Amino acid sequence: MECINAKYVSQKISKTRWRPISYSSLQQPEIFATGSWDNEDNKISIWSVGTNGGSGLEDELEGDPQLLCEHKHDGDVLDLQFLDQDRIVTASSSGAVTIFRHHQNTQAMSISQHWARAHRYPCNNAPCTGVVCSSPEIVTVGEDGGIIVFRADHEGVIRVIENADSSTIHAVTYLRTTEILTVNSIGQLKLWDFRQQSNSPSQILSLSGDRVPLHCVDRHPNQQHIVATGGQDGMLCVWDVRQGNAPFSLMEAHSAEMWEVHFHPTNPDHLFTCSEDGSLLHWETSSHSDMPSFLQGGRNSSIISRSAMAPAGGNQSLISAWLSGDSSKGHLETTHMLPSQTLSVNSLDVLGQYLVCGTDGEAIFVNRQVPV
Amino acid sequence: MEEVDVEPAVTNIPAVGDKKHMGFAWGPGDILVYETLYQPPGPSGSVFPFIHEVRKDEDIYSPILRKLFNESHHIFVGLQTIKEDLPSKSKKPQFVSISKNYRSVIRACMEELQQVAISTNDAQVATQYGNQVSILLAIELIWNLCEVLFIDAAPAGSLLLHLLDWVRLHKADVYEKAREVLHSENPAEHPDYWDVVVSYVLQGKLEEVRQMLVKQATQQPAARGMYNLMDTLLSKMPYYNPGGTQTLTEFDVKWRHWHDEVDRCVQDNSFASNQHLELICKILLGSEDTLLQCKDLLSNWYHFLVTRLLFGHPTVKPTELHYFAQSSINMFLDSRTAPEPLDSILLAAFEFDIHQVIKDCSIALNNWWFVAHLTDLLDHCKLLQSHNLHFGSNLREFLLLEYASGLFTHHSLWQLAVDYFDHCPEFGRVYLELQIERVPLETERKALKVLRICEQRQMSEQVRSVCKIMAMRALRNNRLGSALSWSIRAKDAAFATLISEKFLQDYCARGTFSDLDLIDNLGPSMLLSDRLTFLGKYREFHKLYGEKRFTEAAKLLLSLMTAKIAPRSFWMTLLTDALPLLEQKEAIFSAEQTYELMFCLGELTSSLNTAAPGTDRSMQEEDLEVTKVELLRLALARNLAMAIVKEGTVDT
Amino acid sequence: MVSVINTVDTSHEDMIHDAQMDYYGTRLATCSSDRTVKIFDVRNGGQILVADLRGHEGPVWQVAWAHPMFGNILASCSYDRKVIIWKEENGSWDKMYEYTGHESSVNSVCWGPYDFGLILACGSSDGAISLLTFTGDQQWDIKKISNAHTIGCNAVSWAPAVVPGSLIDQPSGQKPNYVKRFVSGGCDNLVKLWKEEDGQWKEDQKLEAHSDWVRDVGWAPSIGLPTSTIASCSQDGRVFIWTCDDPAGNTWTAKLLHKFNDVVWHVSWSITGNILAVSGGDNKVTLWKESMDGQWACISDVSKGQGAVSTITDTQQNEQ
């Protein structure tokens, strides 16, 4: 816990994201962005945790995030992604989608593209709930059940699927370059293939019967068929989109809404989840018997595995640890990463050994020694 | 209650005309006021069309104080979870450390405010922050004293040491001045040199005094003996060590011995040739007149009090404090200056009158944060029961409710208030119920957060209300799917029926279902309302039909009518749906089923005929209906024949 | 620290008679002698005119917001004897219903607790009180209490939806059996309590204490105690707090909050019922709070003062 820094920022944080780094350069993450919500004036802010901040203050806590610049954001920031090193895309409760440019030399921010009321009802704005991008393409989803495709360099809209979903779409992720996956408020995962002209999903997966709303989704960085989702009941589900239309395994994780789930981008045996219940969990699945000592104290979650019922995969070597279903042998360990918290952890992001998360308690936590 | 004996605060509203009235409304936390004339009718004269929004607690809107609210919320929640059954001995250090945590949050906030106040160019903002700093300073001062006296409850001996720390912490400008002197070219010649030395003496920082004096001594070789004597006196002054083996009586004997030595020096006029050293010596002796000469350096009566105790009564008992405090205040303040509110509060603390401290604070500081948190902590320390009978622990709840209600009117801090309400056993829940529904629900995400709060506390009425609001909003935005989901969550059968109707109307108009992903996925929630059940079942029929499972489809279709699941208005549609099934080559409907279909058709046509005269349907519609009925009759007859033949064949 | 945080210029051309924030404090409705009703979006300290509703042919006395679960609905009443219910549909505000059943000025409108559905009580100078209940499909059911107050009814206020005589938690899932009740005040110097029994409205209690016209009544929100509380104010300058601990609701006791030197026009409870605001002929709004030992004390004054925006005489110091 000692390596965690907390900073109170006088705004409830809805999203935190690291600026991408190039893996070849062995760089450490340095810059992250946050978005706020539920304030009269919401903001997106850029922070630095680098030691070269040059503040010169000796008593400054090492790694205490320093604000580099901020910009007013119209409406709650419901989602936020880095498009590239200096552009950020946000999804707003006002239905707008905005690209902000961070001018690194002057530490200023400006709006470089703005699609007002991208998501809307006949007479009102509809909150835009999620955004995912693969430069220059941007895909957004909203409470209006719509999916919109933009290009960063185009003023117009590339493609709109109106009423793609009869319920609210809560999150979206890329499955591959032409395929996205959305999750909605009645517990469904839908695959959309942009090569098709059809305005209906190519596949629907769902939790049987319960209609538990899903709030977040992330794809395994190396194996595109594996996705993790989290929902209202705080359960972590791992799915193999190639097989069956029910989750491969379900694990009890949180006691309230799971707001985000992230595979570690370079070490996908590790996964991170955060929740309305105020906790942030580190999940590790491992086939090594010598468990790292830092996980020994971790709590053992109860696990309901459906792996036994799932059909065996073709190529054993390709099956991820997440699908191997060996959880009963204690190969899945979870650790709480935050000191006791009462207010929701709304967002997290992990890059290298660095993790950042933001809460409704108006705090940002940075951990620079994530054991991965 | 707290304010009974003071004049209420007056807030002036600009320019409400003479002979006009002031109208108002709650909105919801603030108050709206406007000029009006209640006495109707009559010429109203000039009109003032403004409505002013008046807010009770502006401090909540300070961005820096928000950190105080958030951090202290965390501490507050931690405090509430301290186990009741722990022995009080092991709890005391915990309470002291919690008290220190609160204070360090106050300090951090104060420092940030100070920095902002300095760096801003806006004079008004600077004043505003400056005011907040001085309030926080007072709060920290009071809190610290309460910690020493009530929470830590130090016994004689340690008590003085704690008070000394308290004064040192709040009279820190000495160190800055000292640094300035020491960094000057020739410290001993610095105009503030002796001020610093004496200030150190007054705070009992005798080591520092000795170091400072060395600088002077080296410059005055002639007076070396005198300086050496002073150095000896200073170095020999005994301090009580609460952790040591020495008893208080032993310490007292030792101290008296030292005191006599100082007294001898004064009698001998040992320092007569140096007015500064003489002054120091008299201070060490505890001469009250001498101390009062140093008023400027002491700057306030409670510093005077502590210095007076240090050199006169180092083994002061808690019960004696009030006497010394009262006499110090009388000696220090001349009779013309009335004590300020802060003086009365501190005095009340020295008198161990906790209730008076809290009461005075809530009036003087205009800040619920402080009184609520301090009172809560004191209540946990079980310090409130013995005091004032008619408040008891209710005082705690009263203050927490005030503070939390203030938070709830804030657009963002309302989430913090929930935990405070949770820990108010009497009215907390009702307050939460009344306030939580007033949180604007701009997004579904926020609605879910509000719902989670309500569901965790089994506030089913509020859950229903929030879901209904969301359902209504979705419907108004033409999002039938979302509206249905929300009304299912609200368990609102009437609304689910209304939306199902809309789905069915949609189907009748367009011939296809919208939102199949939802309707196909209803599961057990289908049973919420009859109409919703029908919608789900009817869609199931279409699915079966689409999959060419005709027998099952036919059976379901018929049951929809015979089991009265389908509304009568929909029967014609259902019967029309039966047509293609009737016209299959194979008989799908059995003879018995066909009879039943015929019966349904009969019932429908008879009711249509009776209703016909009153309705004003166009001839065309009428014709269409008649044709449909005839077609159906024909198809039914044909099917019956086919079915009888088939069944007859199978039977034989 | 009490302070003015926002000022909305309504641009009404005549006297403002009422202003009401919606349920969330995001929209403000105002009405005036200029016969209009206006709705402003006042989020984030701004002011955007959302609607300028015209339909009344006389001064509009009061407006009232319905609970948001029914959509965006506002009721207004006027000197023109009409009650109009306005509704926002597809982004624009229109008349949903117009009630013309009173023979004189309608002075007060108040929506019932949402548990009863959409139900509006209207008090009129013709002495009658009307109850309008939405039955769906554009239909409103009308019930009228004739001669509720001789000479006229000035104010109506609903009781919170609580089950009489029972504070024990209801078995979950069971719809509690609420009794509809409201209070009214009128020119007969009386405060009257009304109760619905078998679909009919009946006078339940008659509270006598005022010696002049009763100008306003306010039923306090329920805070879980087996006590009902009502505030009433009158032309006689008195404000009474009426309480009833009896589960049957039959025994009401009056406590004098304060005797003002002038007419008291308006009383209103805060959301949690812990503060009562009172406004009278002395150009002041005073806030009152009950202490632990049951005493009422004035905690704050909102008063006319000598602000920068001066229109008429602002030389006169307000008396403390």
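This is a predicted model: local features need pLDDT of at least 70, side-chain atom pairs count only at pLDDT 80 or more; totals for chains, interfaces and linings use all residues.
In chain C, the secondary structure consists of 25 strands and zero helices. The chain has 320 residues, and 48% of them count as buried. Among the contacts in chain C that link residues at least 6 apart in sequence, 43% join residues at least 24 apart.

The nonpolar cores are considered next. In soluble globular proteins, nonpolar side chains tend to be buried together. The largest nonpolar core in the model has 176 residues. The residues with the most contacts inside this core are Ile142(B), Cys146(B), Ala349(B), Leu407(B), Ala417(B) and Ala471(B). Helix α3 of chain B, which spans residues 123-151, supplies the largest share of the core, 13 residues. At least three residues of the core come from each of domain 1 (171-299) and domain 2 (548-609 + 618-652) of chain B. Apart from this core lies another of 94 residues, and among its members are Tyr38(B), Trp65(C), Tyr99(C) and Trp111(C). Within chain B, Ala417(B) touches Ala404(B), Leu407(B) and Phe408(B), when residues up to four places away in sequence are not counted.

Leu451(B) lies in helix α21 of chain B, which covers residues 444-456. Leu451(B) is classed as buried because 22 other C-beta atoms lie within 10 Å, and the cut-off for this class is 20 or more. Leaving out residues up to four places away in sequence, Leu451(B) touches Val463(B) and Val466(B). Leu451(B) and Arg464(B) are 13 residues apart in sequence, and their C-alpha atoms are 9.2 Å apart in space.

Leu67(A) is located in strand β5 of chain A, residues 66-73. Leu67(A) has 13 other C-beta atoms within 10 Å and is therefore partly exposed, a class that lies between exposed, at 12 or fewer, and buried, at 20 or more. Leu67(A) touches Ser45(A) and Trp47(A), again without counting residues up to four places away in sequence. The C-alpha atoms of Leu67(A) and Gln28(A) are separated by 18 Å, and the two residues are 39 residues apart along the chain.

Chain A also contains an open sheet of four strands, in the order β22-β23-β24-β26, with antiparallel pairing. The edge strands of this sheet are β22 (258-263) and β26 (332-336) of chain A, each of which pairs on one side only. From one strand to the next, the twist averages 20 degrees. Strands of a sheet pair through backbone hydrogen bonds, either parallel or antiparallel. In this sheet, β22(A) pairs with strand β23 of chain A, residues 270-275, in the antiparallel sense over five bridges. Val261(A) stands opposite Thr273(A) in β23(A).

Notes
Residues are numbered from 1 along each chain as its sequence is written. Chains are lettered from A and ligands numbered from 1 in the order in which they are written. Helices (H or I, at least four residues) and strands (E, at least two) are DSSP runs, numbered from the N terminus. Two residues are in contact if their C-beta atoms, placed from the backbone, lie within 7 Å. A nonpolar core is a set of buried Ala, Val, Leu, Ile, Met, Phe, Trp, Tyr and Cys residues joined through C-beta atoms within 7 Å. Domain bounds come from an automatic or database domain assignment. Two strands pair if DSSP finds at least two bridges between them. Axes are lines fitted to C-alpha atoms, for helices over the stretch in contact, and angles run from 0 to 180 degrees between N-to-C directions.
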